[in-house]
Amino acid sequence: MKQDGPIIYVLDDDRRVREALSSLLLSVGLRVETFGSAAEYLEFEKLDAPSCLILDLELPGMNGLELQQEIAGDDSPPIVFVTGHGDVPSSVRAMKAGAIEFLLKPFDHQELLKVVDAAIAQDRDARLRQAEMAELRKRYALLTPREREVLPFVVAGLLNKQTAAELGTSEITIQVHRGQIMRKMAASSLAELVKIAGKLGIS
Amino acid sequence: MNKLSRLQGYGIAVIACAGALIVAPPLKAESSCFLLAIIVSTLSGGRGPGLLAVGLSAVAFDFFFLSQPLSLSSPSSSYLRFGVFLLAAVTAHQLIETRRRLETALRSAQARLSRATQIATVAELAASIAHEISQPLSAVIANGHACTQWLSAEPPNVANAKAAAERVVRDGKDAGDVVRRIRALFRKNALEKIDLDINEVIGEVLRLIHSEAARKRITVESDLEKRLPLALGDRVQLQQVIFNLLLNGIEAMDAVIDRPRRLFICSQLQGPDAILVEVRDSGTGVADSEKVFEAFYTTKEKGMGMGLAICRSIVEAHGGRLGIKPSQGPGTTFFFTLPLGSDLSA
């Protein structure tokens, strides 16, 4: 078992289900943390690894759907709901709020593992994107205010001369700014710079 | 009246006719007195005594009140009178037959209804019961797969596989227990009073409603007095009573959003010879604490108004009482009492 491997959070108020899922997931080489209530889960300091939350719909205190709303937005791991009741309205709500899957107990282990794999893959992608975004933001932070002013004109495809006219400065100055921008943003071509700017929401 | 023996019925016929004979002359209403005697005899004794009274009346009338007893001088009026007497007896007999049939029909309708409410209650909880079973079943399946997975690892992890297999057995037994409890709930038996531990019965029902309560965000608390003597009762019927009371409590809290939803059940000894069980909810309360026990009275949209009526009849059949306590604060407190079992030392 790798220390940095994916981790599965299991949140179910039934100890039997927690133990069983924990053993099953461990046996296929995943790391597992189990919780008996939403409060326990919220208190837990999440590990920095691709993860997935297997969440029971019916919980004492805060139920599964409420927890889903509570943690929506904070880089919460993808959620796989499991339930013994499975009424249509709750499943619709859960899926609309972004759950990966809604499994009915008793569920097939292969189905569960497949869904868990998909959830981890999704979380891994999301984490990569997040890391990339963080890196890009870090680079953007290196730009001077003037360079940030120049950037939109560059990625909009304006010539240095045109940009200079727009900003009321000389073409040479713009050329220097442009060179700095390319270096600081670690862009090897204008095309790449445009892509990076797109990801940062600059146009 | 129906319980009179046949002999008593005939006795009444004779006495009634003798009475009619005695009171008829002063009243100068012979026919009416004898008719009354016939009707009384039929209603209390049935067809046989009725016919005896008809015969006695006809003979007595003929003998004591006609100028020429047993003569054939006025046959038509004698026959007419006899006909009227007979008609009165037959009509009275028909009346009691009809009443008896109606009572039987009513009783069987009540029995069917009580069965129907039972089914309705169970249907409401079918989802909950499915949950109760699927929970350990999920665990069994997952543990089973985990077990094979541990064994097929290189090298096999026997310790983990063994632990998983042990959990399979444990959780499988749990699922079996649920099935056993449900079977007991469905069983249709005659009242079978045995010495039983009421706390055990309460515990079984609590396990059945556990997930229904959790689903509705209700905290269930219990305060069961330890070392309670055994009560005398029918396990299945008492389960139904407790089940009904708890379920009513759960439903009474559907509309509650401004305070904690709490369901509380406790058991204790009351006086020297009874056990008291209380079920308290923090629901909307009841408007009329006697009316709720009436059959067909309901405050629920889909209710039939039979649940509490049946509960009360069950508790009374056990020699106990079921009622509502004057409440302190919001919600309702139901209580029922049960007599102690035969073995008081337990």
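Chain B contains eight helices and seven strands. The model is predicted. Of the 346 residues in chain B, 35% count as buried.

**Chain B contacts**
- Taking contacts in chain B between residues at least 6 apart in sequence, 71% of them link residues at least 24 apart.

**Strand 1 of chain A**
- Strand 1 of chain A spans residues 7-11 and is mostly covered, with five of its five residues buried.
- In a regular strand, side chains alternate between the two faces of the sheet.
- On one side of strand 1 of chain A point A:Ile7, A:Tyr9 and A:Leu11, while A:Ile8 and A:Val10 point the other way; all are buried.
- Strand 1 of chain A pairs with strand 2 (residues 31-35) of chain A in the parallel sense, over five bridges.
- Within strand 2 of chain A, A:Thr34 is the residue opposite A:Val10.

**Helices 6 and 7 of chain A**
- Two packed helices are described by the angle and the distance between their axes.
- Helix 6 (residues 145-155) and helix 7 (residues 160-167) of chain A have axes that come within 10 Å and cross at roughly 135°.
- Helix 6 of chain A and helix 7 of chain A are therefore oblique to each other.
- Their crossing is right-handed.
- From helix 6 of chain A, A:Glu149, A:Val150, A:Phe153 and A:Val154 meet A:Thr163, A:Glu166 and A:Leu167 of helix 7 of chain A.
- By class, this contact has four nonpolar, one polar and two charged residues.

Conventions. Residues numbered from 1 in each chain as written. Chains lettered and ligands numbered in written order. Predicted model: local features only at pLDDT ≥ 70, side-chain atom pairs only at ≥ 80, totals over all residues. Axes fitted to C-alpha atoms, helices over the stretch in contact; angles between N-to-C directions. Helix = DSSP H or I, 4+ residues; strand = E, 2+ residues; numbered from the N terminus. Parallel < 35°, antiparallel > 145°, perpendicular 65-115°, else oblique. Left-handed = near helix turned anticlockwise from the far one by under 90°. Contact = placed C-beta atoms within 7 Å. Nonpolar A, V, L, I, M, F, W, Y, C, P; charged D, E, K, R; others polar. Buried ≥ 20, exposed ≤ 12 C-beta atoms within 10 Å, placed from the backbone. Pairing = 2+ DSSP bridges.
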